[in-house]
Structures are given as C-alpha cells and as structure tokens.
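Q: Could you go through this one with me? I'd like to talk about packing first and then move on to other things.

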Amino acid sequence: MTSVLVPSDSLEITQEFAFSGADFQRVQRLIYDRAGISLHDGKRAMVYSRLSRRLRESGQRSFADYLDGLERASGAAAETEWQEFVNCLTTNLTSFFREEHHFVALAEALKPIASQPLRLWCNAASTGEEPYSIAMTLQEAGASTARLLATDIDTKVLATAQRGVYAADARGLTPQRLARHFLRGKGDNAGFIRVKPELARVIEFRTFNLMAPSWSLGEPFDMVFCRNVMIYFDHATQRRVLEHIHGVLKPRGLLFVGHSENFTDARDLFHLRGKTIYERA
Ligand SMILES: C[S@@+](CC[C@H](N)C(=O)[O-])C[C@H]1O[C@@H](n2cnc3c(N)ncnc32)[C@H](O)[C@@H]1O
C-alpha cells in the first residue's frame with residue numbers, strides 16, 4: 001500500500017499499487033503509440049482504476065514493474081499482455097441506434113441502391129450494438145446482399161459483439177425490432193435477447209487497429225461508420241485515419257462520424273452531406 005497526497009484538497013488516499021506521475025506519463029505514451037489514444041492529464045484516476053485490475057490479475061506489485069514487464073516481454077505472451085493493456089484503456093460506451101438520425105439517413109441512402117451487392121464497414125464496433133443496428137437497417141431496407149465488416153481494436157468487446165446476447169431491456173430497440181430481429185431467452189436465459197442468425201450472418205467481425213500503417217481490407221466500401229472513436233485521437237492522428245478511410249471508400253461513398261466529431265477542415269477528402277455525414281471527394 002502507498003499513500004499519496006491529492007494536491008487539490010490535500011486529502012490523503014491509500015492506493016493498493018504505487019503509481020507515480022512518471023508511470024502515468026509512460027502509460028500515456030504507450031497507449032498513444034499503440035492505439036492512437038490521447039489520454040489527457042485528467043485521466044490519471046481512470047488509468048489507475050482500469051489498470052490496477054490487470055496488475056492484480058497478473059500478480060504485479062507496482063505500475064513500474066507491470067510496465068517494465070510489458071515493454072520487456074516478447075513473443076505470444078507479449079502480444080497477449082499488450083492486448084490486455086489496450087482492452088483496459090479503451091472506452092466502449094455504445095447503444096442500439098445511437099444517434100438515430102444516422103439510421104434514418106442510411107435507410108434513405110439505401111433506397112436507390114438496395115439491390116446492389118453493397119459493402120459497409122463499422123470500424124469502432126465495440127460490443128456490437130452499432131453493427132447490429134446497421135444490419136437491421138440493411139434488412140429493413142431490403143438490402144439482402146449487403147455485407148458489413150465490423151472491427152474494433154478491443155478483443156474483449158468484439159467477443160461480446162460476436163456472441164450477440166444483450167439485456168432484454170437494452171436501450172434503443174423498439175418492440176417491433178425486438179420481435180423481428182431477436183430471440184427472447186427462456187428459463188435460465190430469461191431477461192436476455194439473442195440476435196437472430198439471419199441478422200448475424202450479415203456481419204463479419206474482425207480485430208482491426210485504426211493505427212495500422214497499411215490497410216488491406218479488400219474491395220472498397222460503399223459506406224463507413226467511424227463514430228465516437230476519433231474523439232480519442234489528436235488532430236494529426238485524425239487526419240491520418242481520414243486519409244486511410246478516403247483510400248478504402250468508393251468515390252461518393254458515405255462516412256458517418258460521431259456527434260462531436262467535425263472534419264470540415266478535411267475538405268480535400270470529404271464534403272459535408274448532412275449532420276455528421278460526409279461524402280468522399
Ligand atoms: C466510445 S466507443 C464507440 C462505439 C460506437 N462506435 C458508438 O458510436 O456507439 C469507441 C470504440 O473505439 C475503439 N477504439 C479505440 N481506439 C481504437 C483504434 N485505434 N482502432 C480501432 N478501434 C479503436 C474502442 O475499443 C471502443 O470500442
């Protein structure tokens with residue numbers, strides 16, 4: 001146990017693991033290099049709480065020891081621990097039909113092209129509510145040959161997404177959509193819903209880091225959903241990701257971004273087409 005003085009009110013708190021300012025800066029650098037995530041100084045308590053769980057599980061005594069081990073490790077064990085480190089530090093908040101106007105716009109955009117073999121990508125898929133919302137909209141629009149790639153850097157949330165099981169009172173689902181796209185659990189599974197197989201079949205789940213230096217994702221996409229992830233990136237990183245997305249989208253393809261993300265200064269790549277909806281130049 002170590003005691004630290006919190007400067008703002010001089011309250012003494014007891015911490016299970018030693019966590020210095022230098023340790024925090026090291027975490028900031030490592031997660032930035034690996035995932036592009038910029039953690040500002042106000043995130044120190046969050047980092048302590050998220051990573052201390054991992055220190056406990058891996059039997060480490062201090063952040064310095066844990067980070068030394070992480071940076072020294074090699075081979076498969078290193079990959080596993082780096083993934084755990086990333087999984088601890090991502091923020092995965094999401095819900096079905098979050099920012100509903102995007103799904104109204106998607107349904108509208110699908111009308112003239114629903115019969116074409118469309119390819120869409122949702123690249124911060126988190127626990128799956130967003131890709132399933134896209135897949136439901138595709139089905140409801142009659143886009144029966146459309147396919148969706150759903151990716152995230154975090155393997156733990158992707159496993160949840162792939163399972164496709166949610167609380168029956170999950171936010172954002174109408175009774176009509178619940179009946180059409182989900183199975184209701186019975187007995188031990190009461191209180192849960194599972195995505196119907198015909199909806200799950202639309203989606204391929206895969207791990208993908210938006211910081212990957214080169215992107216090989218197959219045929220160009222008709223639409224890309226990149227929502228509420230760029231807020232964690234600095235301006236230079238956002239620009240790099242936008243250039244990559246530009247490279248994998250078809251000309252005039254649509255890019256959907258989060259409510260607080262604004263890329264109007266990337267006019268050479270995208271034109272604003274609606275509320276947080278861009279068209280590839
Ligand atoms: C706040 S959630 C957004 C979920 C969903 N897109 C939405 O808008 O509801 C952000 C997601 O971005 C993912 N993420 C963070 N950094 C990433 C990176 N470098 N590459 C891919 N995904 C990343 C996180 O794991 C997390 O699941």
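Predicted model: local features only at pLDDT ≥ 70, side-chain atom pairs only at ≥ 80, totals over all residues.

Q: How far does H1 reach, and what follows it?
A: Helix H1 spans residues 21-35, and its 15 residues reach 21 Å from the first C-alpha to the last, which is close to the 21 Å expected at 1.5 Å a residue. After H1 comes Gly36, which has a positive phi, near 75 degrees.

Q: OK, on to charges: how many salt bridges are there?
A: The count comes to 16 salt bridges, taking a side-chain nitrogen of Lys or Arg within 4 Å of a carboxyl oxygen of Asp or Glu as the criterion.

Q: What does Arg29 form a salt bridge with?
A: Arg29 forms a salt bridge with Glu71, and the closest N and O atoms are 3.8 Å apart. Because Arg29 lies in helix H1 and Glu71 in helix H3, the pair ties together parts that are 42 residues apart in sequence.

Q: Is Arg29 buried, exposed or partly exposed, and what about Glu71?
A: Arg29 is partly exposed, with a relative accessible area of 41%, and Glu71 also counts as partly exposed, at 37% relative accessibility.

Q: Where are Arg239 and Asp268, the other pair I had in mind?
A: Arg239 and Asp268 form a salt bridge whose closest N and O atoms are 2.7 Å apart. The pair links distant parts of the chain, 29 residues apart, with Arg239 in helix H10 (residues 235-248) and Asp268 in the loop between strand S10 (249-257) and strand S11 (270-274).

Q: Which residues do salt bridges with shared partners join into one network?
A: That network is made up of Arg26, Arg29, Asp68 and Glu71.

Q: Changing topic, in what order do the three strands of the open sheet run?
A: The order is S5-S7-S6, and the pairing is antiparallel. Strand S5 (165-167) and strand S6 (182-184) are the edge strands, each pairing on one side only, and the twist averages 35 degrees from one strand to the next.

Q: How many bridges join S5 to S7?
A: Three bridges join S5 to strand S7 (residues 192-195), and the bridge partner of Tyr166 in S7 is Ile193.

Note on methods
Residues numbered from 1 in each chain as written. Heavy atoms only, no water. Helix = DSSP H or I, 4+ residues; strand = E, 2+ residues; numbered from the N terminus. Expected span 1.5 Å × (residues − 1). Pairing = 2+ DSSP bridges. Axes fitted to C-alpha atoms, helices over the stretch in contact; angles between N-to-C directions. Buried < 20%, exposed > 50% of the residue type's maximum accessible area, 1.4 Å probe, protein only.
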